[in-house]
Amino acid sequence: MQGDAYLKCIDSQCGLEYPITNTNVQCDNGHLLDVKYKNKPNESLKEVFAHRGQMDKNIIFNESGVWRFRELLNFCEIDTENVEECSKYLVSLDGAEGRQSKPYHMTKASSFIGIPSDKLWLQPEGYNPSGSFKDNGMATAVTHAKMVGAKKIVCASTGNTSASAGMFAANEGIQCDVYIPAGQIAPGKLSQAYQFGAQIVEVDGNFDDALKQSLEDAKNHDGYTVNSINPFRIEGQKTIPYRALEYLGWESPDWIVYPGGALGNTSSCGKALMELYEWGWIKKIPRIAVINSEGASTLSDLYNGKFQGEELRWNKGKPNADLVCQYYDHLDNEGIRPKTKATAIQIGRPANILKGLRALEFTNGVVTTVTDAEMLDGMAVVGLNGFDCEMASGASVAGIKKLIEQEIIKKDDVVVGILTGRQKDAMLPVDYHNDPNNRFAIPPKI
Ligand code: F0G
């Protein structure tokens with residue numbers, strides 16, 4: 001195989017390889033794929049990235065919080081210093097993706113959680129152009145779509161993926177079909193998909209049903225799938241931990257905490273850390289904590305041995321995939337549907353579960369659940385610090401609090417929590433604050 005970048009199946013016994021122009025999101029045996037690079041990037045690039053962020057602001061690829069790190073995602077195999085070549089290949093919202101997101105201290109959140117304020121960092125990925133972390137991975141997925149000459153991108157979504165896909169498609173002048181679970185996505189997200197001219201396909205079912213239908217339709221009608229099952233999405237989302245680590249002087253925190261849905265974030269964080277550690281760019285591996293909603297807790301149930309008593313593990317590339325199938329059968333047979341007000345993470349079949357397990361094994365990670373009420377408190381306290389986030393992002397705050405209370409996260413640990421999206425469900429804060437029983441409620445005066 002030519003070149004530096006290629007695709008490889010993640011299953012240790014299968015391991016099929018494909019050229020980088022391959023557009024199937026899975027290998028021929030139905031396993032997930034990784035983008036791989038043969039060459040190790042030189043650590044002196046850390047200086048280049050820092051310089052790009054501060055000095056070369058007239059070049060959009062240096063302003064971009066994604067493409068600033070382009071040597072670490074160079075699946076296009078371009079000359080990364082050549083601006084003309086970057087312009088030809090790399091898809092960007094004028095450098096705005098990832099540009100505004102970095103970790104912040106939020107004192108009211110840290111006192112709610114019970115952690116010293118200098119130990120807690122929260123990174124608002126809602127400050128992306130479409131309002132969520134998805135823009136990080138959409139920049140790279142649409143770059144690959146353009147590289148292979150795709151005319152139409154397709155996704156299923158609980159709302160943020162469709163908003164991001166719609167925005168990038170409109171910018172690039174390509175078609176975009178979005179499959180959404182009818183009546184189950186936040187109004188602000190739905191309106192974005194319309195606003196950016198996406199073709200909406202309403203699916204009578206939940207996100208898992210929408211994903212199934214969108215994957216079939218993409219295959220049969222020449223669509224390019226941009227869900228996180230696409231390995232090129234994962235590449236762009238690696239820049240979320242890159243920005244956190246860079247901000248911390250490449251000193252690893254003890255923990256990185258994400259809400260868990262389809263587990264694209266967990267997978268990309270794991271891949272980023274595996275690569276950085278292998279190259280010697282970080283000396284310590286942060287532990288990943290994934291926070292499921294109590295009403296959509298597939299990963300937590302399987303990881304924590306709540307189904308058939310077996311704790312599902314990556315097991316060095318030999319996970320018990322049958323257990324996952326049995327769990328899904330159990331959900332179907334019992335008529336159990338994922339249910340949470342945090343619709344962004346109302347997902348029963350996380351498409352990236354095996355990559356998620358790999359990330360958890362590499363980082364000695366943990367998985368837990370939080371209730372809707374806990375997520376709403378997390379969301380509210382972020383607001384009181386003057387930052388915006390949506391309910392699913394409140395899971396990071398609520399999850400850190402729970403793990404501190406359980407003494408899994410220690411009080412002097414350094415923690416980075418990712419706030420995945422901004423508020424797009426306008427009535428949630430209104431309803432929260434109108435109920436005086438809520439912990440942070442400031443009800444209106446009459
Ligand atoms: N937080 C927000 C705000 C999200 O929109 C999502 C996923 C997640 C967390 C979960 O991230 O899938 O990487 O584990 N939203 C998807 C969508 C599914 O369609 O917008 P994950």
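Which residues are exposed on the other side of α7? The model is predicted, so local features need pLDDT of at least 70 and side-chain atom pairs count only at pLDDT 80 or more, while totals for chains, interfaces and linings use all residues. Residues are numbered from 1 along each chain as its sequence is written, and side-chain values use heavy atoms, with hydrogens and water left out.

Helices (H or I, at least four residues) and strands (E, at least two) are DSSP runs, numbered from the N terminus. Strand β6 (residues 175–181) pairs with strand β7 (residues 199–203) in the parallel sense, over five bridges. Pairing requires that DSSP finds at least two bridges between two strands. Val178 stands opposite Ile200 in β7. From β6 the chain crosses through helix α7 (residues 187–195) to β7, in a right-handed β-α-β crossover. Right-handed means that, with the strands pointing away from the viewer, the path from the first strand over the helix to the second runs clockwise.

Lys189, Gln192 and Ala193 of α7 are buried (under 20% relative accessible area; exposed is over 50%, partly exposed in between; 1.4 Å probe, protein chains only). They lie on the same side of α7 because they cover an arc of only 100 degrees around the axis, taken from the directions from the helix axis to the C-beta atoms. Pro187 and Gln195, on the other side of α7, are exposed. Just after α7, Gly197 takes a positive phi of about 75 degrees.

Most residues other than glycine have a negative phi. Asp222 is not a glycine, yet has a positive phi of about 60 degrees. Asp222 counts as exposed, at 68% relative accessibility.
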